Amino acid sequence: MSDAMLHAVGQDPDDFAVQIADSIESFIVATTEVAKGDEPDSAVPFLLLEVSQLLLTGGRLGAHEDIVPDERYEPDTGPDVDVDDLRERFAVLLDPIDVFSEVFDPYEPRKAPVPSRISDSLADIVTDLRHGLAHYRAGRTTEALWWWQFSYFSNWGPTASATLRALQSLVAHVRLDQPLAELDGLDTDEDLADDVLAEEAGKVMVEEIAGPLGLRRAR
């Protein structure tokens with residue numbers, strides 16, 4: 001989407017809000033394109049890049065002083081856009097490496113990892129970002145920044161961080177020519193500890209996923 005469509009004419013492109021909105025809009029557009037599955041060979045590397053760039057934007061929001069909204073109560077943005085189609089497309093595109101294990105809070109002692117899905121995570125991130133974008137497009141810039149900052153700390157930031165770790169790990173397994181274990185039968189409804197997760201390892205090897213996902217092994 002062009003700046004003329006996203007921003008009011010005459011806004012300073014160096015303005016903090018404009019840069020944040022541009023980055024968020026870029027992520028939404030890019031991930032939506034990836035989900036179409038037109039270029040499956042480059043899906044994982046491209047998502048690694050996009051999520052990395054989004055987390056830079058999140059870092060800028062996190063490092064910024066607390067943003068206080070103009071109004072006491074959040075204005076209604078209408079119903080959130082349905083992301084089920086996006087979620088389902090990613091689930092198909094990323095099979096069989098959609099499920100990964102995640103620790104929600106690394107500072108909480110003895111917290112067992114839980115299974116998550118990259119497809120669910122990407123859809124949830126897009127939902128949060130679109131909600132703030134609705135405020136931004138309606139001219140409520142401070143409200144948008146407040147929402148993006150708040151949800152960065154409370155939801156999409158941790159979700160994006162976990163997703164990035166999964167994508168980076170996947171690329172590393174392939175590039176370093178290391179077998180990639182499959183969580184065979186593991187579902188996100190289960191709550192499994194470390195030893196159970198290890199027992200669920202299957203026989204999916206790097207060679208089976210490197211080609212379809214556009215990754216190259218180390219020489």
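# Chat about a predicted chain

Reply: Of the 219 residues of the chain, 38% are buried, where buried means under 20% relative accessible area, exposed over 50%, and partly exposed in between (1.4 Å probe, protein chains only). This is a predicted model: local features need pLDDT of at least 70, side-chain atom pairs count only at pLDDT 80 or more, and totals for chains, interfaces and linings use all residues. Residues are numbered from 1 along each chain as its sequence is written, and side-chain values use heavy atoms, with hydrogens and water left out.

Me: What is the mean pLDDT of the chain?

Reply: The mean is 80, and 75% of the residues reach 70 or more. pLDDT is the predictor's confidence in each residue, from 0 to 100.

Me: Where is pLDDT below 50?

Reply: Residues 1–10 are below 50. Beyond near neighbours in sequence, that stretch has 14 contacts in the model. A contact means heavy atoms within 4.5 Å. Over residues 192–209 pLDDT also stays under 50. The model has 40 contacts beyond four places in sequence for residues 192–209. Where pLDDT is low, the predicted coordinates should not be read in detail.

Me: OK, new topic. How many helices and strands are there?

Reply: The chain has eight helices and two strands. From the N terminus on, the order is α-α-α-α-β-β-α-α-α-α. Helices (H or I, at least four residues) and strands (E, at least two) are DSSP runs, numbered from the N terminus.

Me: How many residues does helix 5 have, and what span does it reach?

Reply: Helix 5 covers residues 118–137, which is 20 residues. From first C-alpha to last it reaches 28 Å, close to the 28 Å expected at 1.5 Å a residue. That expected span is 1.5 Å times one less than the number of residues.

Me: How many residues of helix 5 are buried?

Reply: 14 of the 20 are buried, so helix 5 is largely enclosed by the rest of the structure. Just after helix 5, glycine 139 takes a positive phi of about 90°.

Me: And alanine 21, where is that?

Reply: Alanine 21 is in helix 2, residues 16–35. Its relative accessibility is 0%, so alanine 21 counts as buried. The C-alpha atoms of alanine 21 and threonine 57 are separated by 9.3 Å. Those two residues are 36 residues apart along the chain.

Me: What share of contacts join residues at least 24 apart?

Reply: It is 73%, among contacts between residues at least 6 apart in sequence.

Me: Switching to rings. How many aromatic pairs are there?

Reply: The count comes to six aromatic pairs. Rings of Phe, Tyr and Trp (its six-membered ring) pair if their centres lie within 6.5 Å; planes under 30 degrees apart count as stacked, over 60 as edge-to-face and the rest as tilted.

Me: What about tryptophan 146 and tryptophan 147?

Reply: Their ring centres are 6.3 Å apart and their planes are at 50°, so the pair is tilted. Ring pairs link Trp146, Trp147 and Phe150 into a cluster.

Me: Is tryptophan 147 buried or exposed?

Reply: Tryptophan 147 is buried, with a relative accessible area of 14%. Tryptophan 146 counts as partly exposed, at 22%.

Me: Now charges. How many salt bridges?

Reply: The count comes to seven salt bridges. A salt bridge is a side-chain nitrogen of Lys or Arg within 4 Å of a carboxyl oxygen of Asp or Glu.

Me: Which residue pairs with arginine 89?

Reply: Aspartate 85 does, with the closest N and O atoms 2.9 Å apart. Arginine 89 and aspartate 85 are four residues apart in helix 4 (residues 84–94), so about one helical turn separates them.

Me: What does arginine 117 meet in a salt bridge?

Reply: The partner is aspartate 98, at 3.7 Å, N to O. This pair links distant parts of the chain, 19 residues apart. Arginine 117 is in strand 2 (residues 114–117), and aspartate 98 is in the loop between helix 4 and strand 1 (99–102). Aspartate 98 is buried at 5%, while arginine 117 is partly exposed at 24%.

Me: Which residues form one network?

Reply: Asp84, Arg87, Asp120 and Asp124 do, joined by salt bridges that share partners.
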